[in-house]
Amino acid sequence: MAPLALSLHSLPLHTHHSKPSSSLKIPVVTACMAPAAPPEVKPTTTSFGFKNMMEIFTVEVQRAEVRPLNVPLLAPFAISSSRLDKVENVAIKVELSNGCVGWGEAPVFPSVTAEDQPSALAMAAGACEFLRESPGKTMEAVLRDVHSILPGHQFASVRAGVEMALIDALANSIGIPLWRLFGGTSNTITTDITIPIVLPAQAAELARKYRKQGFKILKLKVGKNLKADIEVIRAIHAAYPDCMFILDANGGYSSKEAIQVLETLHETGVTPILFEQPVHRDDWEGLGRVSRFAKENYGVPVAADESCRSLADVRKIAEENLADVINIKLAKVGVVGALEIIELARTSGLKLMISSMVESRLATGFAAHLAAGLGCFKFINLYSPLLLAEDPVVGCCEVHWPVYKFSNVRGHGSFLHIA
């Protein structure tokens, strides 16, 4: 039996370096129950627990820099609310006084993240300057400082990128991989893959391609045009009849339309395994209505993505029974914020999903390490490097789509290639 993992107990941060804040807590990370990994890398609960290292590891940043991370896409990526034609993210590199380096990435997706690339570059540069000028502090104090200068949802993506770089540098310093730092539950995860909003023929072609690559679950972007969505789903089902699929409307439907989609699909013998963000993020009544209908009539759980940006959102969802699953995106809430939300969601009886934005292997690899280490995600959507026409990242884990397999290489094992 695999070791117990992910028992997150938020504890207030108190260090002698800075004034404690009740607004940021570093959860204790152990892990969840999960199947044992292959014997060559046996998962164990390491003595270098995340919470312990936050309290005892002193961080002194020697160098910190940011740079644009611009990568062409193989094809435009469209969802109900926007379209992305190329990746324009921000890469963050941190070097500690001990010489160990960490990398992070702040994804930018208009209408999804609050930042655009120019503002993300400016905010990340300001955070890097702050880190360079700060005296040595414990990691928990440094992360608290980062939270204070990059607060809330409006700076969540940049905050996530800075946190990734610092935590990667920490893991490199103590010589362990991130998946072990986050609990060591497993050294493998399996992801699904997303089909964006495209024409039915294109969707069917992608479904056949992903079937050959071994993907068992397809996530379908819907929510822009009800009739067109039904046609696309039918085309995919015809091309890959034995696939499981997730619907993701990105808030594009009304509750009436979302229910109609489920009814229409049911009539043709098609039932999704998950319905993600069917209605607008602020339509709490509609979210609850769709969730109750989907579960009571078809046994389909509903996930909150855009509707969940804070602990307050999780509490509302849990207390009012508005959804069954919480979708975690590091770019949406930051790394520390994600750990807090994971803790609350699990204690509230909610299931968990982890997804990424359109990112390189810097950010997606970090999220994959976290998912493997914690082992508590029912749904995993971490495929976005497959969308890129170029790969600017060196290293990372072993990937045979749809499976990630992690070794004992320290940190997340990747860095940005510099020409």
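**View 1. A304 stands opposite I326 in strand 14.** Strand 13 (residues 302-304) and strand 14 run parallel and are joined by 2 bridges; strands pair if DSSP finds at least two bridges between them. From strand 13 the chain passes through helix 10 (residues 311-319) to strand 14, a right-handed β-α-β crossover. Right-handed means that, with the strands pointing away from the viewer, the path from the first strand over the helix to the second runs clockwise. Helices (H or I, at least four residues) and strands (E, at least two) are DSSP runs, numbered from the N terminus. The model is predicted: local features need pLDDT of at least 70 and side-chain atom pairs pLDDT 80 or more, while totals for chains, interfaces and linings use all residues. Residues are numbered from 1 along each chain as its sequence is written, and side-chain values use heavy atoms, without hydrogens and water.

**View 2. Strand 14 beside strand 15 (residues 351-355).** These strands run parallel, with 4 bridges between them. N327 stands opposite M353 in strand 15.

**View 3. Surroundings of I326.** Leaving aside neighbours within four places in sequence, I326 is in contact (heavy atoms within 4.5 Å) with residues including A304, C308, I317, I341 and M353.
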